[in-house]
Amino acid sequence: MRLKGQRKMGYYPTPPVVVERLRPFLEFPEEAVTCLDPCCGTGLALASLVREREAGTFGVELDAGRAKEAREILDRVLHSSFEETRISPGAFSLLFLNPPYDWEEGENSETSPAERKELTFLRSSVKHLQPDGVLVYLIPRIRLDERIARLLAYAFEDLSIYQFPEEVYEPFRQVCILGRKKTRDSQDPEEMSRLLEAVAGKFKELPARPRHRYTLPPGKKVPLFRSMKADLETLAAELMQSPLWKQLAPRADGFSSAMPSPPLPLHTGHLGLLMAAGCLNGVVGEGPDRHVVAGKVEKFTIESEEYREDGTHEARSLERYRVTIKLLLPDGEIRTLT
Ligand SMILES: C[S@@+](CC[C@H](N)C(=O)[O-])C[C@H]1O[C@@H](n2cnc3c(N)ncnc32)[C@H](O)[C@@H]1O
């Protein structure tokens, strides 16, 4: 019996024995590969699958806690729903897909959310695989219906289907589907009927020593990997990489440091200077006197002209600075002190 907490958001991690048996199916090129898990959980399955290999690992996870764990072991992780991500198409060598389970919500219905998820996750993530890229797709056997078979036969060739090893086959009776992405999508009626026949029959257990292997193509660059929704942790990480931030950070440090307490009470003039410099910006006061203060120094120009009796003319332009302090009062009134 799995823990209730684990089940949250359809979290059923790939059993370690399945990962161990899948690993020898994959043949790695000399160059680095790129791997995507669009619902990566804690990232453990993908990280172990490509362990000790030259691989860039990318994961997306909806649950904040699991996304945080995944960040420790995968190279790039988005805490987001996969539906709300923007990821480079055709960039990945491997797509590892174990879609979320929603058994609680109408198991056998044709239109159940669970069924839709297995199909929609496959449909929306296939485009991220490059031609010849390898799919590893894990789903409960009951979900492998005609629509999924049709999509698999359309986009993949060299498909193999195995059932999970006996010790982890129950209660969900999952199967592993491996395939190579076609260079050009095409409906292959033979592959389709072979697949449909296979779906109706019995599958062999995932062997410990595969006879057939899948070679991963070298990875491509992944210029786009982001969530459409602002995720503070990702934003902070991206900001740290920004060349502009690198220039601004040393200056921003001074602003962020806390103001030390003065040894003696400040003179009104000092207060004015601090306010003008913006050092006291923010909420001040208590109760009805509570207000927001913002100070700034503005530059302005005084133009003057002088016409002399000898007919000459002089135009002067004088630059001055004006201290402005704005107060936002609790009733919404904005008062400007100059
Ligand atoms: C079946 S688990 C697979 C976890 C991992 N890939 C593995 O094989 O061990 C599915 C994961 O998908 C996550 N999930 C659910 N809906 C999601 C969504 N819309 N986008 C991204 N992840 C989602 C769940 O939180 C859960 O961790």
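Me: How many bridges join strand β8 to strand β9?
Reply: Happy to start there, with a note that this is a predicted model, where local features need pLDDT of at least 70, side-chain atom pairs count only at pLDDT 80 or more, and totals for chains, interfaces and linings use all residues. Residues are numbered from 1 along each chain as its sequence is written. Strands (E, at least two residues) and helices (H or I, at least four) are DSSP runs numbered from the N terminus, and two strands pair if DSSP finds at least two bridges between them. β8 (residues 156–163) and β9 (residues 174–181) run antiparallel, and the bridges joining them number six.

Me: Do β8 and β10 pair in the parallel or antiparallel sense?
Reply: Strands of a sheet can pair either way, through backbone hydrogen bonds. Gln163 has Glu205 in β10 as its bridge partner. Over two bridges, the sense of β8 with β10 (residues 204–205) is parallel.

Me: Which strands are the edge strands of the open sheet?
Reply: The sheet has eight strands in the order β4-β3-β2-β6-β7-β9-β8-β10, with mixed pairing. Pairing on one side only marks the edge strands, β4 (76–79) and β10.

Me: Which residues come nearest the ligand?
Reply: A residue counts as near if its C-beta atom, placed from the backbone, lies within 6 Å of the molecule. The shell divides into 12 nonpolar, five polar and five charged residues. Of the 22 residues around the ligand, the nearest are Met9, Pro13, Cys39, Gly41 and Asn98.

Conventions:
Nonpolar A, V, L, I, M, F, W, Y, C, P; charged D, E, K, R; others polar.
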